[in-house]
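Notebook open, viewer running. I'm jotting down what I look up as I go.

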Amino acid sequence: STRKESSAASDVYKRQDLTMLKLDLHDYTLEDAYQKCQEFISEAYLNRIKKIEVITGRSGPICKEFPFWAESNHQVQYIEPSWHGGSFIIKIQKKF
């Protein structure tokens, strides 16, 4: 019984991990990070991906600017900071 439960839990973890595409913006300039971010959101939208994670780090200009970039993008439904604070989870609008 214990083995079955842990297997189901790991399957769910794997599924969630596969559906959450991640973009790491560490080591990008502010301008390049903005460009990369917009392209990543656009790709997710075109491929009907529901949620993505953008890793910004916990401080610095990218972390401060990112919420404004995401909120001004019409393909973004909403954003929320991740539980650990070093990234944001982005819910993508449905493609019509």
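**Entry 1: two helices**

Which residues in helix 2 meet which residues in helix 3? I went through the contacts: on the helix 2 side I get Leu30, Ala33, Tyr34, Cys37 and Gln38, and on the helix 3 side Pro61, Ile62, Glu65, Phe66 and Trp69. Worth noting before I go on: this is a predicted model.

Next I checked the geometry of that pair. The axes of helix 2 and helix 3 are 11 Å apart, and the packing angle is about 40°. Roughly parallel would need an angle under 35 degrees, so helix 2 is oblique to helix 3. I also looked up the hand of the crossing, and helix 2 passes helix 3 in a right-handed one.

**Entry 2: the sides of helix 3**

I stayed with helix 3, residues 61-71, and asked which of its residues are buried. My list reads Ile62, Cys63, Phe66, Pro67, Trp69 and Ala70.

Then I turned to the face pointing away from the buried side. There I find Pro61, Lys64, Phe68 and Glu71, which are exposed. I note that Phe68 is on this exposed face, while Phe66 is among the buried residues.

**Entry 3: the sheet**

I backed out to the whole chain. I count three helices and four strands, and along the sequence they come as α-β-α-β-α-β-β.

In what order do the strands of the sheet stand? The order is 1-2-4-3, the sheet is open and the pairing is mixed. Strand 1 (21-24) and strand 3 are the edges; each has a single partner strand, so one side of each has no neighbour in the sheet. Neighbouring strands are turned by 25° against each other on average, ignoring direction.

I then went through two of the pairings. Strand 2 (residues 51-55) runs antiparallel to strand 4, joined by five bridges. One bridge I picked out there has Glu53 facing Ile89 of strand 4. Strand 3 (residues 76-81) also pairs with strand 4 (residues 87-92) in the antiparallel sense, again over five bridges. Here I found Tyr78 opposite Lys91.

Strand 3 and strand 4 make a hairpin, with five residues between them. I looked at the turn and noted Gly85, which has a positive phi of about 85°.

Skipping residues up to four places away in sequence, I see Phe40 touching Leu21, Lys22, Leu23, Ile52, Glu53 and Val54. I also checked Phe40 against Ile52: they are twelve residues apart along the chain, and their C-alpha atoms are 8.8 Å apart.

My other pick was Thr56, in the loop between strand 2 and helix 3. Thr56 is buried too, at 5% relative accessible area. Beyond its neighbours within four places in sequence, Thr56 contacts Leu25, Ile62, Cys63, Phe66, Gly86, Ser87 and Phe88.

**Entry 4: totals**

Last, the overall figures. The chain has 96 residues, and 32% of them count as buried. Taking contacts between residues at least 6 apart in sequence, I get 64% that join residues at least 24 apart.

Terms used. Residues are numbered from 1 along each chain as its sequence is written. This is a predicted model: local features need pLDDT of at least 70, side-chain atom pairs count only at pLDDT 80 or more; totals for chains, interfaces and linings use all residues. Side-chain values use heavy atoms; hydrogens and water are left out. Two strands pair if DSSP finds at least two bridges between them. Axes are lines fitted to C-alpha atoms, for helices over the stretch in contact, and angles run from 0 to 180 degrees between N-to-C directions. Buried means under 20% relative accessible area, exposed over 50%, partly exposed in between (1.4 Å probe, protein chains only). Angles under 35 degrees count as roughly parallel, over 145 as roughly antiparallel, 65 to 115 as roughly perpendicular and the rest as oblique. A crossing is left-handed if the near helix is turned anticlockwise from the far one by less than a right angle, and right-handed if clockwise. Contact means heavy atoms within 4.5 Å.
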